[in-house]
Amino acid sequence: MLTVGDTLALTVHNSLNLTTSIHAHGLFQRGTNYMDGAAMVTQCGIPPGDRFTYEYVVEQSGTFWLHAHDHHQNADGLRTALVVYDRGQPPVKYDEDMLLSLEDWYTETFAERERVTLDPSLPFPPPHREGFGLINGVNGNLTKPMHFRPGRTYRLRLVNMSSAR
Ligand SMILES: [Cu+2]
């Protein structure tokens, strides 16, 4: 559990055969922009076989996500939600906290569909087959229903981690 004022320390071990980096989407990096994880902007990619530790104090509460920022690895699924809790009482009281992550899911790697994705004469994003969205990491057609009980208050954290829309 990560709370405002905590230090996030994330060590990335790169076992890919390409460079990588991990960007914390939406988090301010005041004074730590070298920890922003934007490959070839604020850092060089982490070489294959190497590792790098991202470490900074988190200043904001809310629902964010971490994603790869090199070689379109984000579109290939290198991503995860990140929840930062308020220190003390949240602004609104609730009984349950529920995360709803939305992702797209391709059956080919980004490299395999790069030509159609980047071709300016073709529509962007490229047509997507139906049923290839994920909700909490599961195909949207197979996701378990969410149950709500009368009289309880729910906080829904929606995070869109898709690469197209
Ligand atoms: Cu991002």
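Q: What makes the pairing of the side chains of glutamate 103 and arginine 79 a polar contact?
A: The side chains of glutamate 103 and arginine 79 are 2.7 Å apart in this contact. A polar contact is a pair of N or O atoms within 3.5 Å; within protein, one must be able to donate a hydrogen and the other to accept it, and residues adjacent in sequence count only if both atoms are side-chain atoms. This is a predicted model, in which local features need pLDDT of at least 70, side-chain atom pairs count only at pLDDT 80 or more, and totals for chains, interfaces and linings use all residues. Residues are numbered from 1 along each chain as its sequence is written, and side-chain values use heavy atoms, with hydrogens and water left out.

Q: Why is glutamate 103 called buried?
A: Its relative accessibility is 13%, and buried means under 20% relative accessible area (1.4 Å probe, protein chains only; exposed is over 50%, partly exposed in between). Glutamate 103 therefore counts as buried.

Q: Which residues does glutamate 103 touch, not counting those up to four places away in sequence?
A: They are Arg79, Phe132, Gly133, Leu134, Gly137, Met161 and Ser162, where contact means heavy atoms within 4.5 Å.

Q: How do you know that strand β1 (residues 2-3) pairs with strand β6 (residues 79-85)?
A: Two strands (DSSP runs of E, at least two residues, numbered from the N terminus) pair if DSSP finds at least two bridges between them. Parallel strands β1 and β6 are joined by 2 bridges; threonine 3 has tyrosine 85 as its bridge partner in β6.

Q: In what sense do strand β5 (residues 62-68) and β6 pair?
A: The sense is antiparallel, over 6 bridges. Tryptophan 65 stands opposite alanine 81 in β6.

Note on methods:
Helix = DSSP H or I, 4+ residues; strand = E, 2+ residues; numbered from the N terminus.
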